[in-house]
Amino acid sequence: MSTTSDTPTLKNSAYDAVVIGAGLAGMTGARQLARMGRSVLLLEQHSQLGGLAAWFRRPRGHVFDVALHGFPFGMVKSCRKYWSPAVAGAIRQLTDIRFANPDFTLQTTFDRADFTRLLTERFRAPAATVEAFFSHLRAMNYYDRDGRTTGELFEEFFPARPDIHRLLLEPIAYANGSTLDDPAITFGIVFSNFMSRGVFTFTGGTDAFIAALRDELLAAGVEIATSASAEKIHITDGADGLPRAAGVRVKFRRDGSERDIAAGAVLSNAGIKNTVLELAGAGAVPADFAAAAAAVRLNNSSAQVYLGVREGAEIPRVGDLVFTSGCSPFSSRELTAPDTSSRTFSIYYPETRPDAPAPRFAAVASTNQLWADWADLDAAAYKERKRRLAEDALAGLERLAPGVRAAIDWEETATPRTFARYTRHWEGASFGTKFEGLKISLELPERVAGLYHAGSVGIIMSGWLGAINYGVIVAAKVDEYLRRQRG
Ligand SMILES: Cc1cc2nc3c(=O)[nH]c(=O)nc-3n(C[C@H](O)[C@H](O)[C@H](O)COP(=O)(O)OP(=O)(O)OC[C@H]3O[C@@H](n4cnc5c(N)ncnc54)[C@H](O)[C@@H]3O)c2cc1C
């Protein structure tokens with residue numbers, strides 16, 4: 001049985017695979033490899049597993065979820081297949097999704113049947129067009145190389161209908177950072193995933209989810225080291241002239257000690273740019289590949305305001321997820337502006353954590369934000385911007401639930417700087433990279449044998465479902481590589 005520890009002790013000095021990062025892709029990849037019989041060391045620089053699938057506790061019994069707003073039904077199948085029936089069994093649907101903006105106010109179950117109803121009856125789009133739109137999305141494929149943007153796709157099916165464009169894109173912009181200018185596939189795949197059955201969540205919260213995954217990792221024999229940062233991926237000359245990943249240098253946060261660990265293969269769940277340009281080092285890969293990695297654009301970051309309701313008080317039923325905005329027409333730029341009027345409220349009712357000692361309510365207001373708008377603020381400006389963000393969030397929640405302010409007894413704000421600090425993602429990127437990052441991630445093992453990447457990348461490989469599925473795909477490639485190495 002393996003251990004989990006944040007002390008600078010590891011059982012071995014060599015592993016079949018070292019996995020850098022315990023985000024959902026890293027955890028899933030590590031477990032898959034262990035189940036295939038590989039010895040696996042999972043390194044996480046933070047003291048907590050899960051990466052962006054994060055939660056935190058605060059005094060007076062508050063627990064806040066950072067990235068548990070909703071995922072597609074596909075999580076049930078992926079969790080059952082790659083984690084456990086118990087994990088899959090705790091997934092339940094969120095049925096009350098709302099929009100409140102100057103263009104429309106509506107309530108939906110956010111699935112194909114209900115969106116077809118809304119588009120045809122409420123927005124008066126022709127039924128045949130709606131059907132053709134859904135069929136087109138379902139048939140979309142990464143390998144089609146369709147050059148259209150999401151904006152162009154919308155104009156083709158619903159010309160001059162910014163209200164419909166908003167209905168379709170606004171939730172997905174919060175789910176993966178995609179904009180009207182990104183390739184249509186980045187919208188199409190994720191939107192279709194949600195439309196298949198709606199929006200789902202994990203009963204018990206992120207803490208219960210990650211605890212269950214951790215138990216499965218240990219049961220599979222994965223050795224887990226937390227507060228253990230990979231500082232460098234060691235690369236040697238391979239037999240066939242291709243550089244080869246041979247191990248990692250680990251730094252233990254607890255005492256600052258460092259240790260070199262040998263690995264047959266390295267699977268990095270750190271950001272793709274970080275993996276190529278810092279951990280491997282730009283000099284370790286061909287110059288054109290390093291340049292292409294450097295040119296990859298990062299996706300936006302986030303800011304969140306966590307609002308905790310005092311024990312005994314409550315938030316009335318105002319929806320599970322509420323997409324709010326004061327802006328019309330919908331604008332991807334306004335969505336990420338520091339003073340945006342657009343924010344999503346996730347309302348956590350007692351059924352989120354049914355086993356909690358007392359029924360608790362919380363709200364998290366999320367905005368998409370750009371690193372550039374936060375990076376260089378001095379301490380006073382930073383504090384003031386956080387204060388404004390929190391005030392806007394509270395005012396927004398008051399509009400949904402008048403009087404709720406009096407029930408709030410915990411308020412806290414996370415910014416792009418917070419996300420960067422806890423995950424080491426460059427620019428605090430919430431959803432990895434823009435589309436071109438996927439190619440770099442996929443081609444990395446062709447440039448450095450035995451070095452693989454799995455994690456949010458290319459917009460489509462992001463979110464809880466995308467990260468888990470990408471971890472599975474890449475683990476199979478790592479296993480195949482290790483088999484080839486053995487001859
Ligand atoms: C505010 C917000 C809300 C979100 N809401 C949702 C949602 O509702 N539904 C949904 O499906 N998705 C949501 N997401 C996205 C989703 O959480 C992420 O796409 C997914 O969790 C990313 O998983 P990942 O495997 O790519 O790794 P990450 O979660 O990014 O984890 C990478 C891990 O690598 C570690 N690491 C980095 N460098 C090193 C190093 N050198 N050594 C050791 N460890 C290292 C980091 O500490 C981190 O733990 C949200 C994201 C954000 C930011």
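The model is predicted. The residue is valine 40, in strand S3. The sheet is open and has 7 strands.

**Valine 40**
- Strand S3 covers residues 40–43, and valine 40 lies in it.
- Valine 40 has 28 other C-beta atoms within 10 Å, so it counts as buried; the cut-off for buried is 20 or more.
- Its contacts, leaving out residues up to four places away in sequence, include Tyr15, Asp16, Ala17 and Val19.
- Valine 40 also touches Ala30, Leu33 and Ala34.
- Val222 and Glu223 are among its contacts too.
- Glycine 29 is 11 residues from valine 40 in sequence. In space, the two are 9.8 Å apart, C-alpha to C-alpha.

**The sheet of 7 strands**
- The strand order is S8-S7-S15-S16-S17-S14-S18.
- The pairing in this open sheet is mixed.
- Strand S8 (105–108) and strand S18 (408–414) are the edge strands, and each pairs on one side only.
- On average, neighbouring strands of this sheet are turned by 15° against each other, direction ignored.

**Strands S16 and S17**
- Strand S16 spans residues 343–348, and strand S17 spans residues 362–369.
- S16 and S17 pair in the antiparallel sense, over 5 bridges.
- Phenylalanine 345 stands opposite alanine 365, which is in S17.

**A helix across the sheet strands**
- Helix H7 is made of residues 162–176.
- H7 lies across strand S15 (321–324), S16 and S17.
- The helix runs at about 95° to S17.

Definitions and conventions
Residues numbered from 1 in each chain as written. Predicted model: local features only at pLDDT ≥ 70, side-chain atom pairs only at ≥ 80, totals over all residues. Helix = DSSP H or I, 4+ residues; strand = E, 2+ residues; numbered from the N terminus. Buried ≥ 20, exposed ≤ 12 C-beta atoms within 10 Å, placed from the backbone. Contact = placed C-beta atoms within 7 Å. Pairing = 2+ DSSP bridges. Axes fitted to C-alpha atoms, helices over the stretch in contact; angles between N-to-C directions.
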